[in-house]
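Try each task before you read its solution.

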Amino acid sequence: MTTRTRRGPTATAMPEIEEMSSVKPFGNILVYGDSGVGKTVLAGTAGNGLIIAIDKGIISAARQGSTSKLVKIHEWEEFSAVTKYLRAGGYREYDWVVIDGLTMLQERLLRFVMDEQRRENSKIDEWVPSQAGHQKQQNMMRFYVNLYCDLPVNVLFTALPMNIETEDGEERVIPLIHGQKGALSNYCVGMSDAFGYMKLTTNKAGQEVRRITWRPNGAYIGKDRFGVLAPFTDDITLPEIAARIAAPVGSTRRTATTARRRRATTRRSA
């Protein structure tokens with residue numbers, strides 16, 4: 001008689017079944033836009049935050065009086081070390097962790113992969129990545145974006161934009177994360193709970209604002225799983241985003257109105 005081995009989850013492998021109320025209101029947010037529109041200024045509003053600065057524009061947050069902690073990343077190995085620190089529990093020290101920005105982080109990662117391959121084979125070109133190198137850095141980007149999205153803390157990613165053409169010949173503006181004709185970029189935004197395009201514009205009162213559009217708008221893409229940011233926000237801060245995410249359903253409109261009044265009062269007093 002043949003005994004059939006049962007293949008399935010064991011008691012130790014079975015994940016815990018939880019109540020829906022156990023879901024914590026942390027946000028994985030991605031904001032993309034041209035250089036100089038205010039992405040780093042937004043990052044600096046975290047208050048009790050950690051900004052992992054890969055882009056060079058951190059001075060803009062410093063001049064706005066940001067109280068966040070800062071770690072500057074020059075090499076991929078430094079980013080890897082910070083990631084290990086956060087995974088080991090360092091995230092508990094902060095309300096927000098910011099990766100500013102993903103576009104330059106990918107450049108650091110590709111350089112790391114190419115140097116690693118050249119150490120194994122000196123004949124590999126120093127400046128032209130191999131197909132295997134491209135594939136490795138794309139796989140690593142997926143892994144690390146997933147890793148940060150899994151941290152039990154609010155996370156903000158920033159990125160530059162890029163233009164692509166869809167299979168239907170339509171133009172799209174998506175975050176500048178190279179790989180598989182936009183597929184890697186789409187994967188990263190798919191991991192985010194909300195993402196939007198930031199630009200400088202003028203509101204109805206004639207004031208210049210940093211506007212983030214959180215839903216598709218022409219060639220620009222966006223998403224708001226929380227239902228508290230779309231269609232757009234003007235000069236929003238990270239604590240305000242966190243407050244909207246954490247607020248009971250239906251109360252976010254009141255929260256947004258209060259924030260607008262507070263900003264208007266600040267401008268008049270200034």
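**Exercise 1. Find out what share of the protein counts as buried, and how much surface the protein exposes.**

Solution. Start with the burial: in this predicted model, 45% of the 270 residues count as buried. Next, the surface: the protein exposes about 15900 Å², and carbon and sulfur atoms supply 50% of that area.

**Exercise 2. Decide whether Leu42 is buried or exposed, and list what it touches.**

Solution. First, locate Leu42: it's in helix α1. Its relative accessible area is 3%. The cut-off for buried is under 20%, so Leu42 is buried. Then look at who surrounds it. Skipping residues up to four places away in sequence, Leu42 touches Val31, Leu156, Met198, Ile212, Ile236, Thr237 and Leu238. Finally, check Arg210: it lies 168 residues from Leu42 in sequence, yet their C-alpha atoms are 9.0 Å apart.

**Exercise 3. Pick out the buried residues of helix α6 and say why they are on the same side.**

Solution. Helix α6 covers residues 183-191, and its buried residues are Leu184, Ser185, Cys188 and Val189. They span an arc of only 135 degrees around the axis, so they sit on the same side of α6. Here's the background: an α-helix has 3.6 residues a turn, so residues three or four places apart point the same way.

**Exercise 4. Describe the second largest pocket: its volume and its lining.**

Solution. Begin with the volume, about 500 Å³. Of the 26 residues that line this pocket, Gly38, Lys39, Thr40, Val41 and Ser60 are the closest to its centre. Then see which helices take part: α1 (39-43), α2 (59-63) and α4 (102-120) each supply at least two lining residues. Last, sort the lining by type, and you get 6 nonpolar, 14 polar and 6 charged residues.

Notes:
Residues numbered from 1 in each chain as written. Predicted model: local features only at pLDDT ≥ 70, side-chain atom pairs only at ≥ 80, totals over all residues. Heavy atoms only, no water. Buried < 20%, exposed > 50% of the residue type's maximum accessible area, 1.4 Å probe, protein only. Helix = DSSP H or I, 4+ residues; strand = E, 2+ residues; numbered from the N terminus. Arc of directions from axis to C-beta. 1 Å grid on protein atoms, 1.4 Å probe; cavity = no way out; pocket = protein on both sides within 12 Å on 5 of 7 lines; lining within 4 Å. Points joined across faces, edges and corners; volume = space filled by probe spheres on them. Nonpolar A, V, L, I, M, F, W, Y, C, P; charged D, E, K, R; others polar. Areas by Shrake-Rupley, 256 points an atom, 1.4 Å probe, with all protein chains shown as cover. Contact = heavy atoms within 4.5 Å.
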